[in-house]
Amino acid sequence: MKAIYPTRAPEGFERRHIIFWFTVLTAVAGAAAYLWMLTGYRPYDDEGALMITVKQYLSGMRIYDQVFSFYGPVYYLYQWVLHRITGTPVTHDVTRILALVPWLGAALLAGWITLRLTRSLVLAAVAHLGTSLAMMFFAAEPGHPQELTMLLLLALAAVPVMAGMQ
């Protein structure tokens with residue numbers, strides 16, 4: 001049976017080629033993000049204020065009762081999971097390095113969504129690069145909830161794409 005709206009044929013890449021190129025793209029984006037995140041000074045940031053609340057929460061204090069916060073419990077659960085998995089303390093360097101996780105995760109997810117929708121590794125690479133560049137604002141505010149928000153929004157966008165997987 002002929003499709004009413006035929007799609008273009010996928011490029012001739014095997015799964016190992018796709019994994020290789022996504023790994024290379026993520027490594028390059030990760031190196032650039034690392035340098036961007038850990039160099040420079042941004043005087044308007046409130047990174048320390050958030051770190052204090054996360055540190056208090058991780059020490060066993062209750063948010064909204066013993067810890068003042070504008071942000072919801074999902075942010076603190078996310079921080080708890082990150083610090084438990086990595087076994088790291090709450091410091092400026094650790095906060096900035098952990099901010100690379102959603103940065104690169106969002107770029108990977110955007111590239112994967114584009115690959116699934118267009119079947120083009122070139123367009124997926126452009127989406128990966130574009131998303132990585134768009135996430136540069138993470139460097140100005142590491143440890144903020146928008147990191148998790150961006151990753152969750154892209155994950156939400158990926159749900160319909162995953163529905164068609166076999």
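**Terms and their grounds**

Biologist: Why is R119 called partly exposed?

Modeller: R119 has a relative accessible area of 38%. Buried means under 20% relative accessible area, exposed over 50%, and partly exposed in between, with a 1.4 Å probe and protein chains only; R119 is therefore partly exposed. The model is predicted, so local features need pLDDT of at least 70 and side-chain atom pairs count only at pLDDT 80 or more, while totals for chains, interfaces and linings use all residues. Residues are numbered from 1 along each chain as its sequence is written, and side-chain values use heavy atoms, with hydrogens and water left out.

Biologist: What is the phi of R119, and where does R119 lie?

Modeller: Although R119 is not a glycine, its phi is positive, about 60 degrees. R119 sits in the loop between α5 and α6. Helices are DSSP runs of H or I with at least four residues, and they are numbered from the N terminus. Most residues other than glycine have a negative phi.

Biologist: What makes Y64 partly exposed?

Modeller: The relative accessible area of Y64 is 49%, and Y64 therefore counts as partly exposed. Y64 also has a positive phi, about 70 degrees, without being a glycine, and is placed in the loop between α2 and α3 (73–86).

Biologist: Why is T53 called buried?

Modeller: T53 has 10% relative accessibility, so T53 counts as buried. T53 belongs to helix α2 (residues 47–58).

Biologist: What makes the link between T53 and Y76 a polar contact?

Modeller: The side chains of T53 and Y76 come to 3.0 Å. A polar contact is a pair of N or O atoms within 3.5 Å; within protein, one must be able to donate a hydrogen and the other to accept it, and residues adjacent in sequence count only if both atoms are side-chain atoms. The side chains of T53 and Y76 make such a contact.

Biologist: How do you know that the span of α1 is close to the expected one?

Modeller: The expected span of a helix is 1.5 Å times one less than its number of residues. α1 has 24 residues and reaches 34 Å from its first C-alpha to its last, close to the 34 Å expected.

Biologist: Which residues of α1 are buried?

Modeller: F22, T26, A29, G30, A33 and M37 are buried in α1. Just after α1, G40 takes a positive phi of about 90 degrees.

Terms used:
Helix = DSSP H or I, 4+ residues; strand = E, 2+ residues; numbered from the N terminus.
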